Amino acid sequence: MPELGRYARQLRTLLWKPSVDNEVKDELNAHIEQLEQDLIAKGVDPAAARAEATRKFGNVERLAAECRTLGEERDVARRRASRWLDLTSDVRYALRQLIASPRFALIAIATLSIGLGASTTIFSIANAVLLRPLPYADPGQLVLAFELNPEGDRFSISEPNFLDMQSRAKSLQSVAALEILRGSVTGDGLPEQVEWSRVSQSFLPTLGVAPVIGRNFTEAEDRAGGDTLVVLLSYELWQRRFGGDPGVLDRPLVLDGVSHRVIGVLPRGRSFPENTNVWTPLSASAEYPRGDRRLEAIARLRDGVTINQAGRELAGTAAALAETYPESNLGWGADLIPFSQWFVSPALHKRVVVLLIAVGLLLLMACVNVANLLLSRAAVREREIAVRAALGAGRGRIIRQLLTESLVLSLAGAVVGIALAAAAIPVIRRTGSEVITRLAELRLDWTIVGFAVAACVATGLLFGLGPVWRLSGRRRASGDVLHAVLRSGTRVADGGRARKLLIGASVALAMIMLTGAALVGSSFMRLMGSDLGFVDQGVLIANISFPSDRYNGEGRVRFISEARQRIGAIPGVQMVGASNIPPFGIGNTGQSFAPAEHANERRERYRQGSWRAVTPGYFATLQINLKRGRDFIDDDQYDKEGVVVINEALANMAYPGEDPVGRQLASSNGQVRRIIGVVGDTRDLAIDSVPGRGCTGRIVSSPGARCGWP
């Protein structure tokens with residue numbers, strides 16, 4: 001019984017091994033006795049020699065403590081060296097086993113690398129999108145503020161309403177507003193289009209961001225009539241256009257043809273909205289129309305105030321404004337949501353979580369398959385394990401060796417998986433950062449590598465438990481099984497219950513994955529096959545920004561008309577149109593509307609929706625069907641009455657059972673326009689959106705409406 005002898009040797013070593021204290025005591029006594037004998041040999045009285053020897057030897061307690069520490073360190077070093085030697089021996093043996101079975105190793109490593117690579121890639125997305133904290137001070141206190149239209153839809157805030165909410169908010173430390181624009185920077189260097197935001201003076205304090213050089217806007221600069229021609233730069237624009245020159249302050253920056261003075265630079269990675277390059281003062285005015293809701297608002301909660309408490313207070317403010325200004329605010333409310341939803345919507349949050357669950361199942365399926373492979377291989381290695389047991393290897397030693405082999409195998413899979421993730425992450429960042437805001441921060445960092453290593457260890461232990469379980473079960477069932485293998489020289493047949501369970505688990509996981517993939521695939525195919533209401537094949541889009549100092553309203557019309565003519569003359573170009581916001585473009589424009597005959601009756605007759613400004617040729621370029629009436633012509637822009645084209649959904653809502661062509665539509669700001677045509681409904685905000693009621697003209701329609709004007 002080799003194991004009994006091994007356990008006896010270990011027990012004897014533990015029981016009879018002298019302790020460090022005894023070793024130190026014996027060593028010190030030996031030195032003192034030697035010194036005592038030397039003194040006696042020199043003629044010192046034996047009775048006094050011991051005391052003299054102890055005195056000359058020094059502080060025995062201090063020396064004993066030092067020796068005891070050295071002894072304990074020696075024992076620890078020996079144990080570490082022994083364990084390291086065992087580990088390196090196990091790893092070398094595991095590598096030899098894998099090299100001896102290259103086909104098994106390649107199949108197992110490939111299976112694991114797919115699971116680990118996919119899980120690492122998706123975790124990196126989850127880390128960038130969900131887990132990584134926002135780069136602002138106490139981001140949990142930041143919220144987004146909205147107005148709620150009478151239908152309960154969230155909408156932007158008008159300038160006067162923002163000023164009233166800012167002055168009346170008691171549960172908010174600060175409230176800030178911004179308007180997102182796009183402009184052209186000229187002057188030093190090549191002209192370039194940049195993302196631009198007009199922001200209130202409270203913008204940076206609300207975010208908890210301070211410029212790395214320079215300062216924030218002053219209240220005087222954010223006031224109408226003040227020195228508003230000042231600008232803050234993003235760190236990236238500062239580096240790209242000014243070479244990171246610390247003397248950039250007070251230098252001019254020509255933005256949309258107007259010279260602004262640089263007063264500060266924001267820190268790296270603190271741009272908001274993302275990719276914004278320049279910020280100028282908003283200069284919100286209480287005289288601006290309250291019905292023109294175009295500002296985004298952010299706020300910071302006071303300490304101890306919850307988002308629900310602040311939301312109730314803001315709703316009360318909105319109710320008070322509705323009583324004071326019923327012509328623009330009747331029926332409108334207000335709401336707050338977490339600031340993080342600017343970057344990650346609840347729908348996107350769910351999708352990322354679903355992806356994590358999916359790759360978790362994929363990794364689990366890889367573990368089950370590799371465990372099945374190891375079980376098959378363990379059956380072949382029964383004689384080898386029996387020989388090792390006969391030579392004195394205990395169950396714990398064999399289990400450690402098997403788990404080491406599993407960890408080495410999973411580590412190899414992790415290396416390949418991390419390489420696959422490193423190749424996939426830049427591609428995902430390039431293709432998805434424009435759709436998912438925080439994907440621009442996607443990168444392979446130590447957090448991701450740490451996750452991969454942890455997943456590697458977990459998977460190695462998980463699929464390595466299969467052979468261990470089989471070995472332990474066989475040993476418990478019969479202590480003579482392995483000896484029978486040695487006597488017969490062949491492998492003892494196995495019932496295979498473990499393998500059957502693993503195969504069943506693998507099939508079940510595969511069915512779950514296939515079912516989920518089929519559902520997602522069918523949904524995607526239906527989405528791709530949905531009718532957008534327009535044709536996007538062969539359509540190209542160009543963005544144009546007009547410097548305000550060079551192009552007024554008429555100048556922009558002339559520019560667009562000439563550009564359409566020149567582009568239309570290019571060989572291969574069939575049709576040309578223009579719009580303030582293209583299909584699937586960033587941003588939206590909206591206002592309240594009502595049929596003109598009901599415009600002055602009750603404010604409840606007004607509905608909120610979107611509008612688009614378009615040129616002749618826009619509908620034909622996108623092949624949007626004209627159902628009734630006519631399209632725009634060039635002379636429509638000089639029509640003093642003003643004309644508008646609406647979609648079918650709006651026609652059915654505003655004029656059920658009637659022909660809307662020739663009728664009039666009014667906006668909440670008092671403008672009235674004549675309907676000249678009806679076009680088909682389109683999905684131009686998002687591919688999965690529902691076509692809304694709308695029009696095309698200087699008028700707003702109901703929620704999701706589309707409208708435009710010449």
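## Strand E3 and its partners

Strand E3 is joined to strand E4 (residues 192-199) by eight bridges, and the two run antiparallel. Strands count as paired if DSSP finds at least two bridges between them. Within this pair, Gly183 stands opposite Val194 in E4. The hairpin of E3 and E4 has five residues between the strands, and Gly187 there takes a positive phi near 105 degrees.

E3 (residues 172-186) also pairs with strand E10 (residues 296-301), in the antiparallel sense, over six bridges. Leu172 has Leu301 as its bridge partner in E10. Strand E7 (residues 252-255) is joined to E3 by two bridges, again antiparallel. Here Val185 stands opposite Leu255 in E7. In a regular strand the side chains alternate between the two faces of the sheet.

## Basis of the model

This is a predicted model: local features need pLDDT of at least 70, side-chain atom pairs count only at pLDDT 80 or more, and totals for chains, interfaces and linings use all residues. Residues are numbered from 1 along each chain as its sequence is written, and side-chain values use heavy atoms, with hydrogens and water left out.

## The chain as a whole

The secondary structure of the chain comes to 19 helices and 18 strands. Helices (H or I, at least four residues) and strands (E, at least two) are DSSP runs, numbered from the N terminus. Of the 710 residues, 42% count as buried. Buried means under 20% relative accessible area, exposed over 50%, and partly exposed in between (1.4 Å probe, protein chains only).

Take the contacts between residues at least 6 apart in sequence: 75% of them join residues at least 24 apart. Contact means heavy atoms within 4.5 Å.

## Helix H5 against helix H13

Helix H5 (residues 102-131) packs on helix H13 (residues 395-432) at an angle of about 45 degrees, with the axes 6 Å apart. Axes are lines fitted to C-alpha atoms, for helices over the stretch in contact, and angles run from 0 to 180 degrees between N-to-C directions. H5 and H13 are therefore oblique to each other. Angles under 35 degrees count as roughly parallel, over 145 as roughly antiparallel, 65 to 115 as roughly perpendicular and the rest as oblique. The crossing of H5 past H13 is right-handed. A crossing is left-handed if the near helix is turned anticlockwise from the far one by less than a right angle, and right-handed if clockwise.

On the H5 side, the contact residues include Phe104, Leu112, Leu116, Gly117 and Ile125. On the H13 side, they include Leu409, Gly413, Val416, Gly417 and Ile428. The residues of this contact divide into 16 nonpolar, eight polar and no charged. Ala, Val, Leu, Ile, Met, Phe, Trp, Tyr, Cys and Pro count as nonpolar, Asp, Glu, Lys and Arg as charged, and the others, Gly among them, as polar.

## Helix H6 against helix H9

Helix H6 (residues 159-168) and helix H9 (residues 307-324) pack at an angle of about 130 degrees, and their axes are 10 Å apart. That makes H6 oblique to H9. H6 passes H9 in a right-handed crossing.

Asn161, Asp164, Met165 and Arg168 in H6 meet Glu313, Leu314, Thr317, Ala320 and Leu321 in H9. The contact of H6 with H9 divides into four nonpolar, two polar and three charged residues.

## Backbone exceptions

Most residues other than glycine have a negative phi, and most peptide bonds are trans. Phe272 and Pro273 are joined by a cis peptide bond, with omega about -10 degrees. Pro273 lies in the loop between strand E8 (258-265) and strand E9 (276-281). Asn275 is found in the loop between E8 and E9 as well. Asn275 has a positive phi of about 75 degrees although it is not a glycine. At a relative accessible area of 52%, Asn275 is exposed.

Gln623 also has a positive phi, near 55 degrees, and is a residue other than glycine. Gln623 sits in the loop between helix H18 (618-622) and strand E14 (626-629).

Ile544 is placed in the loop between helix H16 (497-528) and helix H17 (553-568). Its relative accessible area is 47%, so Ile544 is partly exposed. Ile544 and Gln193 are 351 residues apart in sequence but 8.6 Å apart in space, C-alpha to C-alpha. Leaving aside neighbours within four places in sequence, Ile544 is in contact with Gln193 and Phe559.

Leu35 is found in helix H2 (residues 20-41). Leu35 counts as partly exposed, at 22% relative accessibility. Leu35 and Ala49 are 14 residues apart along the chain, and their C-alpha atoms are separated by 8.6 Å.
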